[in-house]
Amino acid sequence: MSSFTDKKIYAIAALDEKRGVGKDGALPWSFKKEMQYFKDTTTEVFEEGKQNMVIMGRSTWESLPEKYRPLPDRINVVLTRDRSYQASGAIVCYSLGEALKKADLDGTVETIYIVGGASVYEMALDVVDGLYITRIQKDYGCDAFFPEYETLCEPKPEFLGEEEEDGVKYGFYFYTKVLDDII
Ligand SMILES: NC(=O)c1ccc[n+]([C@@H]2O[C@H](COP(=O)([O-])OP(=O)(O)OC[C@H]3O[C@@H](n4cnc5c(N)ncnc54)[C@H](OP(=O)(O)O)[C@@H]3O)[C@@H](O)[C@H]2O)c1
């Protein structure tokens, strides 16, 4: 758990067989049901009046078609080191810590989802409580990768379901992060 917030933090990502998450700045697949799963998981809240926060890197934000951003019914946070950057409809933060601190101070935020891309997943592994991973059974020759995560998690993930689209099978899993040793 993060020292910045008591709220739950989850990474959510779709990975190909080689842990690939993207190619040429975009997703190399297009799975409607996977997109719906992402939307449902990151949007669902249990307390009325609350919303979840989705945190993403500047490249991932720019990879979203303009008509789909900000992602609706979620508080969108875009990470950049560019102090003049503007993202219409989103909050711009200059570090992950700043974003988590904002979430902590905002009483309307329920859960925090780290939604990519590769560079943001890499640093987020330190702070997440768990990971929603879609495992796609195909190699897409990606150039952006999710970090090694299985050794940081409890060995048996929770299996949440499976789908097949365009002849490709994929499964939904939840991995619980193993708590750091308390000395
Ligand atoms: N499969 C999936 O589930 C999934 C999900 C999301 C994205 N993706 C894919 O991932 C790829 C993009 O990943 P990426 O690693 O190239 O880009 P990214 O993580 O989306 O964005 C990188 C940018 O975020 C900013 N940033 C990163 N770390 C920061 C920090 N510590 N503090 C402040 N700003 C920070 C920087 O922006 P500035 O350069 O502006 O400073 C950096 O250039 C694409 O192919 C996309 O389609 C896949």
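Here are a few friendly notes on the sheet and the ligand site of this predicted model.

1. A word on conventions to begin with. Residues are numbered from 1 along each chain as its sequence is written, and side-chain values use heavy atoms, with hydrogens and water left out. As the model is predicted, local features need pLDDT of at least 70 and side-chain atom pairs count only at pLDDT 80 or more, while totals for chains, interfaces and linings use all residues.

2. The sheet is open and mixed, with eight strands in the order E5-E4-E3-E6-E1-E7-E10-E9. Strands here are DSSP runs (E, at least two residues; helices are H or I, at least four), numbered from the N terminus, and two strands pair if DSSP finds at least two bridges between them.

3. Met 53 has Ile 112 of E6 as its bridge partner.

4. Helix H1 (residues 32-43) packs on the sheet, and the strands it touches include E1 (9-15), E4 (74-79) and E7 (130-136). Contact here means heavy atoms within 4.5 Å.

5. Now the ligand: 27 residues lie around it, and Arg 58, Thr 60, Thr 80, Arg 81 and Ser 119 come nearest (near: a heavy atom within 4 Å). A ligand oxygen is 2.7 Å from a side-chain N or O atom of Arg 58. Polar backbone atoms take part too: one of Ala 14 is 2.8 Å from a ligand nitrogen, and one of Ala 26 is 3.2 Å from a ligand oxygen.

Key. Axes fitted to C-alpha atoms, helices over the stretch in contact; angles between N-to-C directions. Polar contact = N/O pair within 3.5 Å; in protein donor to acceptor, adjacent residues only side chain to side chain.
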